[in-house]
Amino acid sequence: MPDFETRDPNSSAFWDERFEKKFTPWDRGGVPEALRGFVARADRPLSTLIPGCGAAYELVWLSEAGWPVTAIDFSPAAVAVARAGAGKWADRIEQADFFEWKPHRGLDFIYERAFLCALPPAMRPAVAARWAELLPPGAFLGGFFFITDKKHGPPFGIDAGELDALLNPYFERLEDMAVTDSIPEFKDKERWQLWQRRP
């Protein structure tokens with residue numbers, strides 16, 4: 001493991017240093033099967049946001065599938081990596097703070113992939129409230145949640161009951177499935193969940 005100067009995941013410098021040193025153990029290197037299944041079941045392309053996008057493999061895949069999608073990351077190094085791999089879709093990747101970013105269009109779907117677990121647990125209520133603020137009633141929050149009692153991170157684990165308490169005020173859970181193609185860091189500790197914004 002490389003030596004790192006920054007230890008605060010609230011800082012973009014923390015993530016810059018890891019991308020610059022090519023230390024990204026959370027990087028799956030492709031598109032998970034559960035997301036592929038969700039897209040196959042969708043009755044239309046959904047306007048999508050990917051916060052904390054990292055290398056943004058999913059942005060490219062969703063764009064190729066005809067979905068209007070924007071990916072954001074507050075780390076300049078992460079954005080540079082994502083744009084370098086996105087080809088003609090690079091302009092859909094923005095450097096932005098999730099809590100300040102302004103949507104270009106109404107959102108139908110926010111894709112969660114190692115964003116919540118990357119942030120210190122104290123930030124979870126703010127993340128959930130922001131998800132709810134960005135999504136209108138009936139829209140979807142879906143993705144992968146790191147369900148474990150691992151308290152040190154990132155990635156920071158969350159208890160299943162804590163996740164329910166966090167999201168239930170804003171969302172109704174529609175799906176909860178085991179994940180079969182996790183990377184080692186998340187193996188047997190993540191669930192695909194789909195939530196719908198309450199009226």
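A residue counts as buried here if its relative accessible area is under 20%. In this predicted model, strand S1 (residues 48-51) is covered on both faces. The structure also holds 12 aromatic pairs, and ring pairs join Phe38, Trp67, Phe109, Tyr111, Phe144 and Trp192 into a cluster.

- S1 pairs with strand S2 (residues 69-73) in the parallel sense over 4 bridges, and Ile50 has Ala71 of S2 as its bridge partner.
- Together with helix H3 (residues 57-64), S1 and S2 make a right-handed β-α-β unit.
- S1 also pairs with strand S4 (residues 109-113), in the parallel sense over 2 bridges; here Thr48 stands opposite Phe109.

**Aromatic pairs**

- Among the 12 aromatic pairs is that of Phe144 and Trp192, which is edge-to-face because the ring centres are 5.4 Å apart and the planes are at 70°.
- This pair links distant parts of the chain, with Phe144 in strand S5 (residues 140-146) and Trp192 in strand S7 (residues 190-197), 48 residues apart.
- Both Phe144 and Trp192 are buried.
- Tyr170 and Phe171 form another edge-to-face pair, 6.3 Å centre to centre with 65° between the planes.
- Tyr170 is partly exposed at a relative accessible area of 25%, whereas Phe171 is buried at 0%.

**Charges over rings**

- Arg113 lies over the face of Phe144, 4.5 Å from the ring centre.
- Arg197 has its charged end over the ring of Phe171, at 5.9 Å from the centre.

Key:
Residues numbered from 1 in each chain as written. Predicted model: local features only at pLDDT ≥ 70, side-chain atom pairs only at ≥ 80, totals over all residues. Heavy atoms only, no water. Buried < 20%, exposed > 50% of the residue type's maximum accessible area, 1.4 Å probe, protein only. Pairing = 2+ DSSP bridges. Right-handed = clockwise from strand over helix to strand, strands pointing away. Phe/Tyr/Trp six-rings, centres within 6.5 Å; stacked < 30°, edge-to-face > 60°. Lys NZ or Arg CZ within 6 Å of the ring centre and 35° of its normal.
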